[in-house]
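This note is written for a colleague who is meeting the structure for the first time. The points below concern side-chain packing, aromatic pairs and charged contacts.

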Amino acid sequence: MTIGLAHAELIAVLTAVTGGDPRVMTVRSGDALPSGPFELGHRTLQSGLREWVQDQTAHPVGYLEQLYTFADRDRNNEILGGRTISISYLGLVREQAAPGGGMPGWHGWYEYLPWEDHRNGRPAMLDDIAARLASWIEEDAMRKGQRRRRADFDFGLNGAAWNEDLVLQRYELLYEARLVAEAGCDLRHNFGRSMFADHRRILATGMARLRAKIKYRPVVFELMPENFTLLQLQKTVEALAGLTLHKQNFRRLIEQQELVEETGGTESETGGRPAKLFRFRRAVLEEREFTGTKLPLSRN
């Protein structure tokens, strides 16, 4: 659809957690997110997006919420063939095979933004990023102090704390410093796998939204099977947050908030005795749009 001289594009960040890893549905063999133009025949933006996802991936989509609208005047307009308004959506699904016609496939979040995964400690890549940012900071004497403060705050450098919610700010800083391929950097200095146009930026936005959202809404149930163990629930939250959580604190907070209830069944977990199976309480599912219930991020 053309808005003045602008073109409206619908883009989906479909997220699943499979085998303890957060994954995103892609097309073009992993180079792009499912997307397509908003056309006159589409009844709504969301219905238009669902049609494109169905056409390109044939993957079912349940939960879907509008994420953000990007309309930067000077960013990727040549690639996209003119001024483009990108209207993005976040979808939460359970991974299935995708036989659609857009060369669909599931890829890990951290393939594209590897510095975001701290489950096994601080990624070694951050040392290289810090060194590259230090060189960029020195390039502008007038704004050196401002640049250094941004880098420290966004990436948790020089004594600053790591904030898992700042996914988009970190990607934008790397873009500004020309340390990602999308900004036209020397490919030897590129961090993470690049994507078409601003699709990696949109993925970063979806990651940030979901990391923030699991702290005040139990949306993670959209990613879980009907019955699950508490360890499976914790691993899913850890996968999304990119952090390792304290097991006993996590379980205590889950119990205090009355998010789940026992099913009466058990499941054998690797290397241990059978674990109790749980499900989300019906009240949580029915009232999820209105409650302040959250899943705890109590770090180790």
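1. In this predicted model, Val260 touches Phe228, Leu230, Leu233, Ile254, Phe278, Arg279, Phe280 and Arg281, leaving aside residues up to four places away in sequence. Val260 is also named, with Leu113, Trp115, Leu133, Phe155, Leu203 and Leu233, among the residues that touch the most other members of the largest nonpolar core, which has 62 residues. Apart from this core lies another, of 18 residues, including Val53, Ile87, Ala98 and Trp106. In soluble globular proteins, nonpolar side chains tend to be buried together.

2. The count of aromatic pairs is 5. One of them joins Tyr171 and Tyr175 in a tilted arrangement, with 6.5 Å from centre to centre and 50° between the planes. Both residues belong to helix H6 (residues 167–176), where they stand 4 residues apart, about one turn of the helix. Tyr171 is buried at a relative accessible area of 0%, and Tyr175 also counts as buried, at 18%.

3. Phe221 and Phe280 make an edge-to-face pair, 5.8 Å centre to centre with 65° between the planes. Phe221 lies in the loop between helix H7 (199–213) and helix H8 (230–241), whereas Phe280 lies in strand E9 (residues 274–280), so the pair ties together parts 59 residues apart in sequence. The relative accessibility of Phe221 is 10%, which counts as buried, and Phe280 is buried at 7%. Together with Phe228, these two residues form one aromatic cluster.

4. Two arginines lie over aromatic faces: Arg28 over Phe196, at 4.4 Å from the ring centre, and Arg170 over Trp162, at 3.7 Å from the ring centre.

5. The whole structure holds 24 salt bridges. In one of them, the closest N and O atoms of Arg209 and Glu65 are 2.4 Å apart. This pair links distant parts of the chain, since Arg209 is in helix H7 and Glu65 in strand E5 (residues 63–70), 144 residues apart. Arg209 is partly exposed at 25% relative accessible area, while Glu65 is buried at 12%.

6. Glu138 and Arg148 form a salt bridge with closest N and O atoms 3.5 Å apart. Glu138 lies in helix H4 (residues 125–138) and Arg148 in helix H5 (residues 144–155), so the pair ties together parts 10 residues apart in sequence. Glu138 is partly exposed at 46%, as is Arg148 at 36%.

7. Within helix H8, Lys235 and Glu238 are 3 residues apart, about one helical turn. Their salt bridge has its closest N and O atoms 3.7 Å apart. Lys235 is partly exposed at 43%, but Glu238 is buried at 5%.

Terms used: Residues are numbered from 1 along each chain as its sequence is written. This is a predicted model: local features need pLDDT of at least 70, side-chain atom pairs count only at pLDDT 80 or more; totals for chains, interfaces and linings use all residues. Side-chain values use heavy atoms; hydrogens and water are left out. A nonpolar core is a set of buried Ala, Val, Leu, Ile, Met, Phe, Trp, Tyr and Cys residues joined through side-chain atoms within 4.5 Å. Buried means under 20% relative accessible area, exposed over 50%, partly exposed in between (1.4 Å probe, protein chains only). Contact means heavy atoms within 4.5 Å. Rings of Phe, Tyr and Trp (its six-membered ring) pair if their centres lie within 6.5 Å; planes under 30 degrees apart count as stacked, over 60 as edge-to-face and the rest as tilted. Helices (H or I, at least four residues) and strands (E, at least two) are DSSP runs, numbered from the N terminus. A charge sits over a ring if NZ of Lys or CZ of Arg is within 6 Å of the ring centre and within 35 degrees of the ring normal. A salt bridge is a side-chain nitrogen of Lys or Arg within 4 Å of a carboxyl oxygen of Asp or Glu.
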